[in-house]
Amino acid sequence: MLVLSRKKGEAIQIGDDIEITITAIKGDQVKIGINAPKNVEIHRKEVYLDIQSENTEASKDITNLLSLLPKTKKE
């Protein structure tokens, strides 16, 4: 893990497309702004883990997706 120190108004660049800016610091809370392409999903970690858990749970009952497709005759 890379650990960086930043002050209010300073930023971190990730690759060419993602910039993280420190927008406010109040007590033990830091507010950040994230500038990224619209196709990049951004979630709080706990929300991301919930999404992954729900996806795993939803896929448990389906063991073989191909068996759900109608059989077609090859020509």
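1. Salt bridges. Two salt bridges turn up when the whole structure is searched. The model is a predicted one, and the distances quoted below are computed from it.

2. The pair Arg 6 and Glu 10. Arg 6 and Glu 10 form a salt bridge in which the closest N and O atoms are 3.6 Å apart. A salt bridge here requires a nitrogen and a carboxyl oxygen within 4 Å, so the 3.6 Å of this pair meets the cut-off. Glu 10 has a relative accessible area of 29% and is partly exposed. Arg 6, at 38%, is also classed as partly exposed.

3. The pair Arg 44 and Glu 46. In this salt bridge the closest N and O atoms are 2.7 Å apart. Arg 44 is exposed, its relative accessible area being 56%.

4. Overall make-up. Read from the N terminus, the order of elements is β-β-β-α.

5. The sheet. The three strands make an open sheet in the order β1-β2-β3, paired antiparallel. β1 and β3 are the edge strands, each with a single partner, so one side of each has no neighbour in the sheet. On average, neighbouring strands are turned by 25° against each other, direction ignored.

6. Pairing of β1 with β2. Strand β1 covers residues 11–14 and is joined to β2 by four bridges, the two running antiparallel. Ile 12 has Ile 20 in β2 as its bridge partner. The two strands form a hairpin with three residues between them, and Gly 15 in the turn has a positive phi of about 60°.

7. Pairing of β2 with β3. Strand β2 spans residues 18–26 and strand β3 spans residues 29–35; seven bridges join them in antiparallel fashion. Glu 19 is bridged to Asn 35 in β3, and Ile 25 is bridged to Val 30 in β3. This hairpin has two residues between its strands, and Gly 27 takes a positive phi near 65°.

8. The nonpolar patch. Which residues form a nonpolar patch on the surface? They are Ile 25, Val 30, Ile 32, Ile 34, Val 40 and Ile 42, with about 490 Å² of accessible area together. The bridge partners Ile 25 and Val 30 are thus both listed in the patch, because patch membership is open to nonpolar side chains such as Val and Ile. Strand β3 gives the most to the patch, with three residues.

9. Ile 34 as an example. Ile 34 lies in strand β3 and belongs to the patch. Its relative accessibility is 40%, which counts as partly exposed. A patch residue needs over 30% relative accessible area, so the 40% of Ile 34 passes that cut-off.

10. Burial and surface. How much of the protein chain is buried? Buried residues make up 3% of its 75 residues. The chain exposes about 7500 Å², and carbon and sulfur atoms supply 53% of that area.

11. Contacts along the sequence. Among contacts in the protein chain with a separation of 6 or more, residues 24 or more positions apart account for 0%. A reader checking the model can set this figure beside the 3% of residues that are buried.

Conventions: Residues numbered from 1 in each chain as written. Predicted model: local features only at pLDDT ≥ 70, side-chain atom pairs only at ≥ 80, totals over all residues. Heavy atoms only, no water. Buried < 20%, exposed > 50% of the residue type's maximum accessible area, 1.4 Å probe, protein only. Pairing = 2+ DSSP bridges. Contact = heavy atoms within 4.5 Å. Areas by Shrake-Rupley, 256 points an atom, 1.4 Å probe, with all protein chains shown as cover. Patch = residues over 30% accessible without salt bridge, like charges linked within 9 Å, V, L, I, M, F, W, Y side chains within 5 Å. Axes fitted to C-alpha atoms, helices over the stretch in contact; angles between N-to-C directions.
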